[in-house]
Amino acid sequence: MAEKLRVGDNELGKLYTDGKVRKRREWRGVSDTLYDYWRWLGTMSVLAKFIVKPRNIKAMFRYRWMANYLASPMMLDRFSQGLRGEYLRIMHEEYDTVFKDIGLLLDKVFRGDKRIGNDKKYSDKVVLVDENEMTAVMMGFKTLKGLSRETISTYVPVLLNQHSMEHYIDVAQLQGLAPDVCPMPEAEAGISIDDDAPILGKCAVQCNTTCDGSLLSNGVISRRLINVDGIPVFQLAAPLRHREDDVQDYAAGEIKNAIAFIEEHTGEKWDWDYYFECAKRVNYATECRQEWLEMNRTDYPQVFGGNLALYTETNYMAICGKVVDFEKADRKITELARRAYDKKLKMVPQYRHRAIIWGVQSHYYFDFLVWLVNCWGIVPLTDMLSMVSTRKLVTEDTPENRETAYYDMAWLTENMIMRNRTHGGYKVLLDELWEYVEQFNADMVILWEHQSCKALNGMHGQFEEKAREKGIPLVWVGHDLFDPRIVSRQGVRDQINNFLRTVMNEEPIDPSLENLPDEKSW
Amino acid sequence: MKLIGKIILKVFLAVFALFAVTFTVYFFNLDMKATSLLEPLFIKHYDSMERKYYL
């Protein structure tokens, strides 16, 4: 019997060219194409509002990483590939919200930036935070802006354009930084060395986030901030053994110290009303995420793959209850997911495997999750970076709860994305993976092997041993996080293609996606 | 009545023309094709800027 096809384009690989962009956009049938077109108009209006401000144009000519924002609409196309109906709508709710928030972040940074807007009064209300850091310590500062320069200069550009960070990685290495360090913090350091980071803020808070690479780049960046820009930096040293009870008092103490540092340098006072308001939104986001994950344990997963990963990262870590728009998006996504679940919908005509994605994913190929389901019918039920804290924060303002709140913020900071798995022992990285395999009824594990990540690579053998013991097929997918020159996107895909063809003896659902000429693509 | 009909027709034609143009840009990816031509110009500009390294 012929397989049921999705409405519109079914051979998605035919849209690719060997240049930067695709031949045309996808035909998704009349209603979904018109919906996508309507959302594209929204994207264009966000871009137009951004471009009309002279200071943003000035920034475009000042910062090399800004050129990558030319590729913004294409990123939305990549993440919506093959999606129809509720899945397309969920994707747009998420990514359009993130896109708008990034536009606002850029605008705020350039307003305070000494070289661009030079609004000193505004800059004095800014506290710089790491991109790779929970922003929980900003949940009680309503009048301050916790802004991350690294989000707009490093993290987002590589999602937009796979080659965006190569220049900065090279700069860092030319200045003697080790080439085997994680290219993400290395690129962040490269931007600071290359004098390409905006200059603003009254003070900054850095965190001992995920790894040796993060500590290295924090050192380079903080030295520049303190010695050249005159911006004092607080080092928030969260415990690495984050599941142990005996470290929690110290962790809460570090949060108190960070808050005291911000109060001292900005003159602002911690606002408990605002904190508990944000805490309620964090709890709501957690409830929604838990409901999505609950659906993903069934035969009809709804918010998964590309629709789960990037949104969770943004909402959990960078937003952390501070932006009302994300609460609205959470509500809409949940409604759409419930509707699709009730109708027993599937994202693609055929699901072949239920996979847990583990490890640190490739940023230059984040839409790989979309490719997995479109090309091979592999459903990425959840991923390591989406399995974050589900602890409910206290939300009622009482003297006891104020004290507990410090512990909640500490817990969030210790359990920031990635860090909650790459540190804390083999239980959080190894054992819990196999617990999730059972809970989600998965029949496959796809393990990202980020070649510069020492924290994960050390456990390679233990993952394999456990997979053999459990009888679960495990696929290693090597990559270099921010540097596609080490492993290309096709290099990433080939590892899956070879495994599915040779070990599983399967043929792709969409063969046009198996080999793609996207080496030069954004 | 005739005047109102003409106005409605003109508004309809204008909206339709706007739709036709923007939908063509959208569907044939002309926005991305145009911006992809801009990128090398920006890169050339960034490469020509004087830089001082701070380590």
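Trainee: How many bridges join E5(A) to strand E6 of chain A, and do the two run parallel or antiparallel?

Mentor: This is a predicted model, in which local features need pLDDT of at least 70, side-chain atom pairs count only at pLDDT 80 or more, and totals for chains, interfaces and linings use all residues. Residues are numbered from 1 along each chain as its sequence is written, while chains are lettered from A and ligands numbered from 1 in the order in which they are written. Helices (H or I, at least four residues) and strands (E, at least two) are DSSP runs, numbered from the N terminus. Two strands pair if DSSP finds at least two bridges between them. Here five bridges join E5(A) to E6(A), residues 378-383, and the strands run parallel. Ile357(A) stands opposite Asp383(A) in E6(A).

Trainee: Over how many bridges does E5(A) pair with strand E7 of chain A?

Mentor: Four, again in the parallel sense, with E7(A) spanning residues 444-450. Opposite Ile356(A) is Val445(A) of E7(A).

Trainee: Which residues of E5(A) are buried on each side?

Mentor: A residue is buried if 20 or more other C-beta atoms lie within 10 Å of its own, exposed if 12 or fewer, and partly exposed in between, with C-beta atoms placed from the backbone. In E5(A), residues 353-358, six of six residues are buried. His353(A), Ala355(A) and Ile357(A) lie on one side, and Arg354(A), Ile356(A) and Trp358(A) on the other.

Trainee: What follows helix H10 of chain A?

Mentor: Gly267(A), whose phi is positive, near 80°. H10(A) itself covers residues 248-266, 19 residues in total.

Notes
The expected span of a helix is 1.5 Å times one less than its number of residues.
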